[in-house]
Amino acid sequence: MRGRRALAPRSEAWRLPDAHAGPDHGRANLRADAYQDLGIARRVGRDSHGCGAANFGAFTGYAELLAGDHRAAAVTLEAALAALPSPPVRPAMASILLLDLATAHAHNDPQHALGLTGQAVESLRNDWYATARDRLPALRAALGGTPYRPELEERLRSLSGLAS
């Protein structure tokens with residue numbers, strides 16, 4: 001893996017409780033350490049699109065998803081989706097959140113995951129975002145052993161012309 005930084009031992013520090021701070025404050029600090037270890041630059045507060053909380057939640061939820069904590073990822077990604085301005089400044093960001101949320105729900109509620117995927121696909125048809133292509137393998141793998149996989153492929157097929 002040339003060019004990639006190796007993860008430091010505390011890269012999963014965000015999963016540990018913090019005895020010295022409240023649950024939200026301590027968890028946020030630990031997650032900030034995890035972002036630093038993962039090499040993810042984050043901005044807290046308002047960014048150029050006015051959705052800093054949603055961006056932070058999106059990164060947090062994605063990190064939880066990568067760590068295999070699907071329940072925590074689902075909660076975090078739901079909150080990030082709710083934090084987006086309405087309508088979203090960039091609908092593609094909502095699509096990425098929906099795809100990550102679908103992946104988080106695929107293990108416990110594949111039917112809901114498929115519904116979220118449908119919402120993401122509709123949004124991506126109007127505002128394509130290449131990062132969506134990076135999220136699809138994890139979603140396909142998560143729904144791979146379910147009877148919903150063929151329907152997932154049918155929904156994703158409509159994006160094939162956009163994904164080039």
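**Helical organisation and core of a predicted model**

D127 is located in the loop that lies between α5 and α6, where helices (H or I, at least four residues) and strands (E, at least two) are DSSP runs numbered from the N terminus. The structure is a predicted model, in which local features need pLDDT of at least 70 and side-chain atom pairs count only at pLDDT 80 or more, while totals for chains, interfaces and linings use all residues. Residues are numbered from 1 along each chain as its sequence is written, and side-chain values use heavy atoms, with hydrogens and water left out.

With a relative accessible area of 18%, D127 is classed as buried; this term means under 20% relative accessible area, whereas exposed means over 50% and partly exposed covers the values in between (1.4 Å probe, protein chains only). Contact is defined as heavy atoms within 4.5 Å. When neighbours within four places in sequence are set aside, D127 is in contact with R90, P91 and A92. P91 itself belongs to helix α4 and is partly exposed, at 32% relative accessibility. Apart from residues up to four places away in sequence, P91 touches S123 and D127. P91 and A120 are 29 residues apart along the chain, and their C-alpha atoms are separated by 9.2 Å.

The protein chain as a whole contains 7 helices and 0 strands, so that the order of elements from the N terminus on reads α-α-α-α-α-α-α. Of the 164 residues in the protein chain, 39% are buried. The accessible surface of the chain amounts to about 9400 Å², and carbon and sulfur atoms account for 53% of this area; accessible areas come from the Shrake-Rupley method with a 1.4 Å probe, and for residues only the protein chains shown count as cover. Among contacts between residues at least 6 apart in sequence, 60% join residues at least 24 apart.

The largest nonpolar core comprises 32 residues. Such a core is a set of buried Ala, Val, Leu, Ile, Met, Phe, Trp, Tyr and Cys residues joined through side-chain atoms within 4.5 Å. The residues with the most contacts inside this core are L84, L97, L99, L139, L152 and L156. At least two core residues are supplied by each of α2 (52–66), α3 (70–83), α4 (91–106), α5 (110–126), α6 (131–143) and α7 (149–157). The largest share, 10 residues, comes from α4.

Helix α4 is mostly covered, with 15 of its 16 residues buried. A94 has its place in α4 and is buried because its relative accessible area is 12%. The C-alpha atoms of A94 and Q119 lie 9.4 Å apart in space, although 25 residues separate the two in sequence.

Helix α5 holds L116, which counts as buried at 5% relative accessibility. Beyond residues up to four places away in sequence, L116 touches L98, L101, A102 and H105. One of these residues, L101, is 15 residues from L116 in sequence and 7.4 Å away in space, C-alpha to C-alpha.

Helix α3 has 14 residues and reaches 20 Å from its first C-alpha to its last, close to the 20 Å expected. Its buried residues are A72, A73, A74, T76, L77 and A80. Helix α6, with 13 residues, reaches 19 Å between its first and last C-alpha, close to the expected 18 Å. The buried residues of α6 are A132, R135, L136, L139, A142 and L143, and what covers them includes α2, α4, α5 and α7. Within this group, L139 touches L99, A102, T103, T117 and L152, not counting residues up to four places away in sequence.

R135 also takes part in an arrangement with a ring: its charged end sits over the ring of Y62, 3.8 Å from the centre. The criterion is that NZ of Lys or CZ of Arg is within 6 Å of the ring centre and within 35 degrees of the ring normal.

How values were computed
The expected span of a helix is 1.5 Å times one less than its number of residues.
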